[in-house]
Amino acid sequence: MMRDQSLWFWHVAAGVAILLLAGLHMGIMHLDVILGVGNPAGGHPIDWANVVARGKSVAFLLSYVLLLGAALFHGLYGLRNILFELTAARGLRALCNAILILLGLALFILGTWAAVAGRQMALQA
Amino acid sequence: MNERADLQAPKDITYRVRRFRPEEDQRPTWQTYRIACAPGMTVLDGLWLIKETMDPTLAFRASCRMGVCGSCGMLVNGKPRLACNTQIAELGSDIVTVAPLPNFDIVRDLVPDLCSMFDRHTALKPFLIRPDEQEQENPRGEYQQTTHDMEEYLQFSYCIKCGCCMAACPTLATDVLFSGPMPLSQAHRYNADSRDGGFDVRKEVLAGTQGPWRCHYAGECARVCPKGVDPAKAIQWMKREMMADLLGRRAPSAPAGLVTAPPAAKPRPGIPPAPARTVGA
């Protein structure tokens, strides 16, 4: 288990990553008329052709996985802080750590699998 | 009656004091006293008046009466303050509610048990640490420090360990493992001291659960400090220093050496010699 010094660093780093990646998402999905990026087929960002085009891109796949990892770490670290304020018992804190790590890994694997599977479908479309 | 005479007139004030006598009380209770408040009277003066004329069993801790010793920290009208440094008139109320500092166990009445604070303080080694063990145990003299170096930590050295910041800290109220604003600001005070070489020693504690990581940025510690110290700022600076250390970007610096004597000056005719040096001789 990392010490709090390292965990806090990654918490902040994940926050910056979320800011950038969520900013990218907002730019592509909501500022398409102004920016005109990530939608090669033109039209609306959620048109099937644009979704498939983004789905084929390895860069988008990486950005989805990175955003997922950053959001999970950032959120679960915050939840850990809240839970730790409810108990100072070392045993319960260790249990919280174990549950949150397992939960985070499970959600990360599930989300990554969904992103990779989505890319496979896009490549076949 | 003119305005000045009105200010001089005694005024009846109600003191609501939280009482707790561990030998007979299961839980704290409130007791009310009426006193005549003279102009310039502090909350501590009122407590002494009650103790001397009404209720000698009332227990509180006080010493210097001038906001220096930090003994009389208590919760006055809902805010942690020094009782000796708080005039009743400035409270703007005819009711003065006095309770022991929160976030501490109560020894008796208004006396908090500050051991938990000083245990945390001690764990962070609040003293100059020298890399040379011989020098640590038997310092050979004074260490060099410029005014600029001193300003890096000066405001944090004004802390009088009254416990007001610890009482105001919402993180400490819920997380008993958190070191709290006073110990953390004092750890920063020594980490920022150019004469100190103990960052790595203190880091052993600061990098873990007792470090600054759970601070909520509420800033209450800085707001209530009777000496104008800003522990919240110390905590944020400490985080910055710890992050620089984690990333290997903390500039290594040896603690300042001993003050050395300047080269002997040639005596000039008609100019009296300088007095003998007191340091660096």
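Leaving aside neighbours within four places in sequence, with which residues is Met74(B) in contact? The legends below take up this question and other close-up views of a predicted model.

**View 1. Surroundings of Met74(B) in the largest nonpolar core.** Beyond its neighbours within four places in sequence, Met74(B) is in contact with Ala83(B), Val98(B), Ala99(B), Pro100(B), Leu101(B) and Leu110(B). The largest nonpolar core has 57 residues, and those that touch the most other members are Tyr15(B), Val43(B), Leu47(B), Met74(B), Ala83(B), Val98(B) and Cys165(B). Because domain 1 (10–113) and domain 2 (115–246) of chain B both contribute residues, this core lies between them. A second, separate core comprises six residues, including Tyr64(A), Leu67(A), Ala70(A) and Tyr77(A). In general, nonpolar side chains of soluble globular proteins tend to be buried together.

View 2. Chain B is divided into domain 1, residues 10–113, and domain 2, residues 115–246. Their C-alpha centres are 29 Å apart.

**View 3. Helix H12 of chain B and its buried face.** Helix H12(B) spans residues 231–246 and has 16 residues. From first C-alpha to last, H12(B) reaches 22 Å, close to the 22 Å expected at 1.5 Å a residue. Its buried residues are Pro231(B), Ala232(B), Ala234(B), Ile235(B), Met238(B), Lys239(B) and Met242(B). Viewed down the axis of H12(B), these buried residues fall within an arc of 155°, and they therefore line one face of the helix. An α-helix has 3.6 residues a turn, so residues three or four places apart point the same way. Arg240(B) and Ala244(B), on the other side of H12(B), are exposed. Among the elements that cover the buried residues of H12(B) are helix H1 (4–30) of chain A and, from chain B, helices H7 (164–168), H9 (181–191), H10 (199–206) and H11 (220–224). Just after H12(B), Gly248(B) adopts a positive phi of about 70°.

**View 4. Contact between chain A and chain B.** Chain B gives 13 residues to this contact, and chain A gives 10 residues. On the side of chain B that touches chain A, H12(B) gives the most, with three residues. This side of chain B has seven nonpolar, four polar and two charged residues.

**View 5. Positive phi at two loop residues of chain B, Arg65(B) and Asp109(B).** Arg65(B), although not a glycine, has a positive phi of about 65°. Arg65(B) sits in the loop between helix H2 (43–53) and strand E3 (73–76) of chain B. Arg65(B) counts as partly exposed because it has 17 C-beta neighbours inside 10 Å. Asp109(B), another residue other than glycine, has a positive phi near 45°. Asp109(B) occupies the loop between strand E6 (105–108) and strand E7 (111–113) of chain B. Asp109(B) has 25 C-beta neighbours inside 10 Å and so counts as buried.

Conventions: Residues numbered from 1 in each chain as written. Chains lettered and ligands numbered in written order. Predicted model: local features only at pLDDT ≥ 70, side-chain atom pairs only at ≥ 80, totals over all residues. Helix = DSSP H or I, 4+ residues; strand = E, 2+ residues; numbered from the N terminus. Expected span 1.5 Å × (residues − 1). Buried ≥ 20, exposed ≤ 12 C-beta atoms within 10 Å, placed from the backbone. Arc of directions from axis to C-beta. Contact = placed C-beta atoms within 7 Å. Nonpolar A, V, L, I, M, F, W, Y, C, P; charged D, E, K, R; others polar. Core = buried A, V, L, I, M, F, W, Y, C linked by C-beta atoms within 7 Å. Domains from an automatic or database assignment.
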